[in-house]
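Hi,

Here is the structure I said I would pass on.

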Amino acid sequence: MKAFDVYKLWPIEPVKAEGTAVWDKDGTKYLDMYGGHAVISVGHAHPLYNKMVKDQLDKISFYSNSVLNSLQTELAERLGRVSGYENYSLFLSNSGAEANENALKLASFHTGKSKVLAFKGAFHGRSSGAVAVTDIPKIVSPFNSFHQVVFAPMNDIAEVRSYLHTGDFAAVIIEGIQGVAGIYEPDFNFLKELKELTSQLGVVLILDEVQSGYGRTGKFFAHQHSGVEPDIITTAKGMGNGFPIGGTLISPMFKPVQGMLGTTFGGNHLACAAAIAVLRIIEEESLLVNAQKTGDYLMNSLCEIKTKYGNEVISDIRGRGLIIGIDMTDKFIPVRDDLLFKEKIFTGGAKSNIIRLLPPLNITNKECDVFLASFVKCIETIKKDLK
């Protein structure tokens, strides 16, 4: 048997990591400016994180959700306090896709309806309902395509209103910042109008914070910059710093009924220990503040580079905190590969030309300077080659 060949794989095998550094099997050191799709929130191999997971492994690693697990209670209480959603409830799962599936299911239970409004460019996961509200047709199979979903342009409240006024919709789902699409943030006024409209019409508002949440923007969730409070919030990637876990934060308007949601592995002892460690580190090391300050430094520095080289090299820079997208023009698309193979720096991509930066929240200005110097070096190399 061999692995099912569905991933584009770089010829690099990381075998060790610490902080923002990753080493491959040949001993080569890389700077991690991507965190494995925003998963590494508090740095690789953080001592407190490692200790709490190891200690829990020596106690009990798993039992089913048919018995008490006080770690779930501790996680819910801590997450509520740190995020500012203390009056919400938490349902634990294993991934962002599952968190979104549960959110959509709750909305449908609550309203008795099945239609969902999502947004162009959206990515919400690859399971049945989550992929149906994802705007990437090539990953939606015929089996997934029968969900009732419409896609509206983001920031166009008039078009959203025209759909929702039909009275057919259970939910609207929107990302705090669209990550896979290339780091596109909904306007604050649009989010406020969306909240007012959904509340008025009895439509459930779901904020997908799987990639943009957990402190990445300087606030715990990206939507909190706008001041709105959604009905349901989903989270996952940065929640466990690499341990699989997802969460659905549910407002008091929803009443739980035994059996309406369920999971075998969700909220297991090891996952909870990992997630509690992440929240402790975020608080104790003031990582929301660091994400804001270091993100501002990185963004300002990138804007200076864009000014220096002009739109012929970088067509746009977007983001907030430590979630940043850099649009490279066609001739400078190779910069991302050069960063990886020549400069030994991991970054992410979107479409063919966008570099995504999603480093750990404890990254320093000094480490950002290493990236910035290499970024400029790669641009200069390509410029010379073009002459």
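Start with L298: leaving aside residues up to four places away in sequence, L298 touches M33, L322, I324, L357, C368, F371 and L372. L298 is also one of the residues that touch the most other members of the largest nonpolar core, along with L302, I326, V335, F371 and F375. That core holds 62 residues, and helix 8 (residues 269-284) gives the largest share, with 11 residues. As background, nonpolar side chains tend to be buried together in soluble globular proteins. Do keep in mind that this is a predicted model.

Next, the charges. Side chains of opposite charge can pair when their charged atoms come close, and the count here comes to 12 salt bridges.

- K25 and E13 meet with 3.9 Å from N to O. K25 sits in the loop between strand 2 (21-24) and strand 3 (29-32), while E13 is in the segment before strand 1 (14-18), 12 residues apart. K25 counts as exposed because its relative accessibility is 57%, and E13 is partly exposed at 45%.
- R78 and E74 have their closest N and O atoms 3.9 Å apart. Both are in helix 3 (residues 70-83), four residues apart, so about one helical turn separates them. R78 is buried, with a relative accessible area of 19%, whereas E74 is partly exposed at 33%.
- K195 and D231 come to 3.3 Å between their closest N and O atoms. K195 is in helix 7 (residues 188-201) and D231 in the loop between strand 8 (204-208) and strand 9 (232-235), so this bridge ties together parts that are 36 residues apart in sequence. D231 counts as buried, at 7% relative accessibility.

Now for the rings. How many aromatic pairs does a search of the whole structure find? It finds nine. In one of them, the ring centres of Y30 and F346 are 5.1 Å apart and the planes are at 35°, so the pair counts as tilted. Y30 belongs to strand 3 and F346 to strand 13, so the pair ties together parts 316 residues apart in sequence. Are Y30 and F346 buried or exposed? Both are buried.

F220 and F221 make an edge-to-face pair, with 4.9 Å centre to centre and 85° between the planes. These two are buried as well, and they form one aromatic cluster together with Y85, Y88 and Y214.

Charges and rings also meet in a couple of places. The charged end of R318 sits over the ring of Y184, 4.1 Å from its centre. The charged end of K16 does the like over the ring of W23, at 5.0 Å from the centre.

Last, a bit of backbone. Most residues other than glycine have a negative phi. H37, though, has a positive phi near 70°; H37 is found in helix 1 (residues 35-38) and is partly exposed at 44% relative accessibility. K344 has a positive phi too, near 60°. K344 is placed in the loop between helix 10 (335-341) and strand 13 (345-346), and counts as partly exposed at 27% relative accessibility.

Cheers

Notes
Residues numbered from 1 in each chain as written. Predicted model: local features only at pLDDT ≥ 70, side-chain atom pairs only at ≥ 80, totals over all residues. Heavy atoms only, no water. Helix = DSSP H or I, 4+ residues; strand = E, 2+ residues; numbered from the N terminus. Buried < 20%, exposed > 50% of the residue type's maximum accessible area, 1.4 Å probe, protein only. Core = buried A, V, L, I, M, F, W, Y, C linked by side-chain atoms within 4.5 Å. Contact = heavy atoms within 4.5 Å. Salt bridge = Lys/Arg side-chain N within 4 Å of Asp/Glu carboxyl O. Phe/Tyr/Trp six-rings, centres within 6.5 Å; stacked < 30°, edge-to-face > 60°. Lys NZ or Arg CZ within 6 Å of the ring centre and 35° of its normal.
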